[in-house]
Amino acid sequence: MVINVYSLSIMFSVFFLLLVIELVRKNKLQERYCLLWILMSIILLVLSSTPVIIETVSAWLDIKNPPSLLFLFGLGYLILYNLATTVTVSKQSERITRLTQEIALLRQKITDMNSK
Amino acid sequence: MKILVIIPAYNEEATIKNVIQRIKLKMPQADILVVNDGSKDNTSRKAKTAGAKVIDLPYNLGIGGAMQTGYLYAKENGYDIAVQVDGDGQHDPSYIKELIEPIINNSADVVVGSRYISKTNYKSSVFRRMGMIFFSFLVSTLTNQKFKDTTSGFRAVNKEVINYFSNHYPVDYPEVDVLIRLKKRNFRIAELPVEMYKRQGGKSSITTFRSLYYMLKVSLAIIIGTLRSSEE
């Protein structure tokens, strides 16, 4: 078997896909968050198994080394995904703040009730 | 038998009072719990005035989180049967009695009220119907049991299932996903024909685009679900 960027990429995407599925199976990753990872693995798998796509697009964009496009795709995806993650973190931050407030108010209510 | 009717509600001020009153009429022996899922309108106040117990969630969790809250309440308060009734008037409380019967005589652990077993007056868009047929096919194949209506939220469950749901209930779009999980754990699921109505007021939270996204997500969840071991 030829070892090059494309075959390594294929192996990686298959491994990654199996990893993601296993994490969801074990309830370590929620379904709602695994979709984008599965999408990425599939796109990566398709791009690496049909080098003709990468080569054609590289020619259009005047990229001298076609595999660079694979890296560009991976990098771009990671950046976007990171952004999406920070959006999720923001929402969770808001929820945690709210929960903290609710707990504090409940404590106060209990103290009031106990002293009656 | 202690029976709890759980009504998850998000912005259902137009219909919640009617739903509660109908349940009181048709099932006076049941307790009613409205889980107010962060409504921005007067759902909570109207539900309390109508005589239901209301839990106000600090923010919107979605149907999964809201229903699980109901199941947690049912577990903590020792209910034997929990029935889900939607707050928009689509579910007819007259059928609750029929739905809980198989649970009372222990022939099933979960009973689903199905729109598609016999001809009913329920109409929905072609798109939705295709989606539902797709899900019925998928779930029936994966579970070896013929399901006609996999997205119906009109369900009754027994104590064991209440306990299970308190610990494991999918966050997004749980109705279909849950059937696979229940089958995996050898719970007995029965399907009974019921009538359902178009939403009586308020707005649906499912749009066309969301429907497609929903179908994709749920299909994926279902497929991964079959890979899960029966120990969670």
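Predicted model: local features only at pLDDT ≥ 70, side-chain atom pairs only at ≥ 80, totals over all residues.
1. Start with chain A and its record. An unreviewed UniProt entry marks residues 6-24, 36-54 and 69-89 of chain A as "transmembrane region". In the model, residues 36-54 of chain A are 95% helix and 0% strand.

2. Look next at the loop between α1 (5-25) and α2 of chain A. A:Asn27 lies there. Its phi is positive, about 65 degrees, although A:Asn27 is not a glycine. A:Asn27 counts as partly exposed, because its relative accessible area is 38%. A:Lys28 is found in the loop between α1 and α2 as well. With a relative accessible area of 66%, A:Lys28 is exposed. The C-alpha atoms of A:Lys28 and A:Ile10 are separated by 25 Å, and the two residues are 18 apart along the chain.

3. Chain B holds the largest nonpolar core. Which residues of this core touch the most other members? They are B:Tyr71, B:Val157, B:Phe165, B:Leu182 and B:Ile222, out of 34 residues in the core.

4. B:Val157 deserves a look of its own. Leaving out residues up to four places away in sequence, B:Val157 touches B:Tyr71, B:Asp80, B:Ile81, B:Ala82 and B:Ile103, among others. Its contacts also include B:Asp109, B:Val110, B:Ile162 and B:Phe165. Two of these partners, B:Tyr71 and B:Phe165, are named above among the core residues that touch the most other members.

5. Is α7(B) mostly covered or mostly open? It is mostly covered, with nine of its 11 residues buried. The buried residues are B:Pro174, B:Glu175, B:Val176, B:Asp177, B:Val178, B:Leu179, B:Ile180, B:Arg181 and B:Leu182. Charged side chains are thus in the list too, such as B:Glu175, B:Asp177 and B:Arg181. Just past the helix, B:Asn186 has a positive phi of about 60 degrees.

6. The second largest pocket draws on both chains. Its volume is about 370 Å³. Of its 21 lining residues, the closest to the centre are A:Glu31, B:Tyr169, B:Pro170, B:Val171 and B:Arg181. Three helices each supply at least two residues of the lining: α2 (31-49) of chain A, and α7 (174-184) and α8 (208-227) of chain B. The largest share, three residues, comes from α8(B). What is the make-up of the lining of the second largest pocket? It divides into eight nonpolar, five polar and eight charged residues.

7. B:Asn106 lies in the loop between α4 (96-104) and β5. Its phi is positive, near 55 degrees, in a residue other than glycine. B:Asn106 is partly exposed, at 49% relative accessibility. B:Leu25 belongs to helix α1 (residues 16-26) of chain B. Why does B:Leu25 count as exposed? Its relative accessible area is 64%, and exposed means over 50%. B:Leu25 and B:Pro93 are 68 residues apart along the chain, with 8.6 Å between their C-alpha atoms.

Note on methods: Residues numbered from 1 in each chain as written. Chains lettered and ligands numbered in written order. Heavy atoms only, no water. 1 Å grid on protein atoms, 1.4 Å probe; cavity = no way out; pocket = protein on both sides within 12 Å on 5 of 7 lines; lining within 4 Å. Points joined across faces, edges and corners; volume = space filled by probe spheres on them. Helix = DSSP H or I, 4+ residues; strand = E, 2+ residues; numbered from the N terminus. Core = buried A, V, L, I, M, F, W, Y, C linked by side-chain atoms within 4.5 Å. Buried < 20%, exposed > 50% of the residue type's maximum accessible area, 1.4 Å probe, protein only. Contact = heavy atoms within 4.5 Å. UniProt positions renumbered as here; feature names shortened; annotations may be inferred.
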